[in-house]
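Reader: I would like to learn how to read a model like this one, feature by feature. Please give the general idea, then the case at hand.

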Amino acid sequence: MNENTQTEVEKGLEKRLPTPEEINSAAHAATAIAVAMDADGNLKVSGQDGDFVHIAPAVGHLIVDLLGHVASGNMVTLVPVGTMLTTQEAADMLNVSRPHLTKLLKSGEIEFEEVGKHRRVPLEALVAYRDRKRQDRENALDELARLGQAFDAA
C-alpha cells in the first residue's frame, strides 16, 4: 500500500467510501454476526478474559446494519442523538444544498439554534423534518392512487 492510499484508509469511513477489501470484510462479518445471533437476537462474544459477553439484540442488530451499509459500499457516519449539526452536515444528511437548508431554517420548517453567527441544527429536529416530509410524500401517493382508482372506476 503506498503512502497516499494508507492516508486515505486511515481517514475512516465517515470521510471516504470503503475499499473493496473493507466491503468484503464487512459482508463476511455481517453474515457471521447474524448467524451467531441466537433465536432471541442475543449475541455472545468472547471477552478479554475468555468469558462470554452478551450483547443485547438491539445492539447486535445495529452492528449488523452498520456492517451491511459498509458491505454495500456506503460511507458511514454514526451520529449520537443529542448531536448539533452544522448547516453543511444537516444539508448533507438531507441530500440538499446548504442554501436550500438555510431557507428551510429561516422559514421555520426545521428548528435550529444560533451559536454566535452560526446556525446549529439538532439531529432530532432534522430527523423530525425528514419524517414529516416522508409522511407527506406517502400521503400524496396514497391520494394519487385513490384518485387513479376512482378515475378507472368511472
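**Charges, shape and cores**

Author: The mean positions of the 16 positive and 24 negative charges of the protein chain lie 11 Å apart. This is a predicted model, and every value below is computed from it.

Reader: Which secondary structure elements does the protein chain have, and in what order do they run?

Author: The protein chain has six helices and five strands. Starting at the N terminus, the order is α-α-β-β-α-β-α-α-β-β-α.

Reader: What part of the contacts joins residues at least 24 apart?

Author: Take the contacts between residues at least 6 apart in sequence; 47% of them join residues at least 24 apart.

Reader: Where is the largest nonpolar core, and which residues have the most contacts inside it?

Author: A nonpolar core is a set of buried nonpolar residues joined through side-chain atoms within 4.5 Å. The largest one here has 13 residues, and A90, L94, L101, I110, V121 and L126 have the most contacts inside it. Helices α4, α5 and α6 (123–153) each supply at least two of its residues. The most comes from α6, which gives four. A second, separate core has ten residues, including I33, M37, L43 and V70.

Reader: What does L126 touch?

Author: Leaving out residues up to four places away in sequence, L126 touches L85, A90, M93, L94, L101, I110 and V121.

Reader: Is T87 buried or exposed?

Author: The cut-off for buried is under 20%. T87 has a relative accessible area of 14%, so T87 is buried. The residue lies in helix α4, and beyond its sequence neighbours up to four places away it touches R98, L101, L105 and R119.

Reader: What is the phi of N95, and where is N95 found?

Author: Most residues other than glycine have a negative phi. N95 has a positive phi of about 60 degrees although it is not a glycine. N95 sits in the loop between α4 (87–94) and α5. With 72% relative accessibility, N95 counts as exposed.

Reader: Where does P57 lie, and what does P57 touch?

Author: P57 lies in helix α3, which covers residues 57–71. Its relative accessible area is 26%, so P57 is partly exposed. Residues up to four places away aside, P57 touches M37, D40, G41 and N42. P57 and L43 are 14 residues apart along the chain, and their C-alpha atoms are separated by 6.9 Å.

Reader: Which loop holds E109, and what does E109 touch?

Author: E109 is in the loop between α5 (98–106) and β4 (113–115). E109 is partly exposed, at 36% relative accessible area. Not counting residues up to four places away in sequence, E109 touches L104, Y129, R132 and K133. From E109 to A125 the C-alpha distance is 9.3 Å, across 16 residues of sequence.

Conventions: Residues are numbered from 1 along each chain as its sequence is written. This is a predicted model: local features need pLDDT of at least 70, side-chain atom pairs count only at pLDDT 80 or more; totals for chains, interfaces and linings use all residues. Side-chain values use heavy atoms; hydrogens and water are left out. Contact means heavy atoms within 4.5 Å. Lys and Arg count as positive and Asp and Glu as negative; His and the chain ends are not counted. The place of a charge is taken as NZ of Lys, CZ of Arg, CG of Asp or CD of Glu. Buried means under 20% relative accessible area, exposed over 50%, partly exposed in between (1.4 Å probe, protein chains only).
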